[in-house]
Amino acid sequence: MTKDKFFEIPVYSLNKKDKSTLFNEHFFDLTKYHYDNCLPYKNMLDSLGYNARIKRRYSDIPFLPVRLFKMFDLLSTHQDNITKTMTSSGTSGQEVSKIYLDKETSINQTKVLTKIVSTYLGSKRSPMIIIDSPSVLKNRNMFSARGAGILGFSIFGTKRLYALDEQMKLNVDEVIAFIHQNRDQRIFLFGFTFMVYQHFINELIKSEIKLDLSNAVLIHGGGWKKLLRESVTSSEFRKILHQLCGINSVHDYYGMVEQTGSIYMECEDGNLHAPIFSDILIRRPHDFSVADVG
């Protein structure tokens, strides 16, 4: 099966066996490609005694710590082909991961994100409120995880409003006006979890303002670690939003800057789901073998 055929398969349609068959084929080709085109990666596999020319199950391909992207410039194309560099949202003082993208990879990531999110939003675009400041997008060549998220999800919005100004203050009047202007349509809200809590929820509480977003859908992700000190659980997060805005449709997602586009979306029951474009392997800590279900 060609790579493009992946985009014709419904996102959550494959069982474990069929998905594994596809992954075994494609991960073999992908590993061989990176082995031939990225010297640091080749050196890693060689040092592990792994032969990239022998077909194996994708679960047997050497797994690597993501912090390597902080230590090395890992790319499998010529530097001249790089159109975008993604950076992780590392905490202050920490080195950030750098992920280099060429045009084809960037396009494929957008296609993947579109396929996944469309299963939740549908194919029709909606008026969009971005719970962030436009300043996060100032450097178009060096993207943070936040900037990448905003740009990626913006393809699902028509009219777009940034809810925060340059000083990260909530533009309450503009948000209210936007909701009023689009009261007969479903509004799509997007933001990073911590941003939504600190700069949207907290500001509404302080201002004692309630919004009517009963017909809206919110997709949010990232930043849960920063909410630990606030002791906010996912259910409390949803409950507060419903009380303040009447919003019922709230979906968390998990994504990694190392794998932009192929995100794990939360369903109505609060579970995150792996799409056909990626998988999760749970390994036993004592020998790193793949653990059985349960």
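Predicted model: local features only at pLDDT ≥ 70, side-chain atom pairs only at ≥ 80, totals over all residues.

Residues are numbered from 1 along each chain as its sequence is written, and side-chain values use heavy atoms, with hydrogens and water left out.

For burial, buried means under 20% relative accessible area, exposed means over 50%, and partly exposed is in between, with a 1.4 Å probe and protein chains only.

Back to Phe-178. Its relative accessible area is 7%, so Phe-178 is buried. Between the C-alpha atoms of Phe-178 and Met-71 there are 44 Å, and along the chain the two are 107 residues apart.

Gln-79 sits in the loop between α3 and β1 (82-87). With 47% relative accessible area, Gln-79 is partly exposed. Gln-79 and Leu-101 are 22 residues apart in sequence, and their C-alpha atoms are 9.7 Å apart in space.

Next, the pocket. The term needs its cut-offs: on a 1 Å grid over the protein atoms alone, a pocket is an open set of points with protein on both sides within 12 Å along at least five of seven lines, and lining residues have an atom within 4 Å of a point. Grid points are joined across faces, edges and corners, and a volume is the space filled by probe spheres set on the points.

How much space lies in the largest pocket? About 2500 Å³. It is lined by 50 residues, and those closest to its centre are Phe-27, Leu-30, His-34, Glu-258 and Gln-259. Two or more lining residues come from each of α1 (16-37), α3 (68-71), β2 (98-102) and α4 (103-121). Helix α1 gives the largest share, 8 residues. By class, 30 of the lining residues are nonpolar, 13 polar and 7 charged. Here Ala, Val, Leu, Ile, Met, Phe, Trp, Tyr, Cys and Pro count as nonpolar, Asp, Glu, Lys and Arg as charged, and the others, Gly among them, as polar.

Now the aromatic rings. There are 11 aromatic pairs in the structure. Rings of Phe, Tyr and Trp (its six-membered ring) pair if their centres lie within 6.5 Å; planes under 30 degrees apart count as stacked, over 60 as edge-to-face, and the rest as tilted.

Phe-23 and Phe-27 are a tilted pair, because their planes stand at 35 degrees, with the ring centres 5.2 Å apart. Both lie in helix α1, 4 residues apart, which is about one turn of the helix. Phe-23 is buried at 3% relative accessibility, whereas Phe-27, at 30%, is partly exposed.

A stacked pair is formed by Phe-190 and Tyr-253, at 6.4 Å centre to centre and 25 degrees between the planes. This pair links distant parts of the chain: Phe-190 is in strand β6 (residues 188-192) and Tyr-253 in strand β8 (residues 249-254), 63 residues apart. Phe-190 and Tyr-253 are both buried. They also belong to a cluster, linked by ring pairs, with Phe-153, Phe-156 and Phe-192.

Last, the backbone. Most residues other than glycine have a negative phi, and most peptide bonds are trans. Which residue has a positive phi of about 55 degrees although it is not a glycine? That is Glu-208, in the loop between α7 (193-207) and β7 (217-221). Glu-208 is exposed, with 73% relative accessible area. Phe-288 is also not a glycine and has a positive phi of about 65 degrees. Phe-288 lies in the segment after β10 (272-273) and, at 47% relative accessibility, is partly exposed.

Conventions:
1 Å grid on protein atoms, 1.4 Å probe; cavity = no way out; pocket = protein on both sides within 12 Å on 5 of 7 lines; lining within 4 Å.
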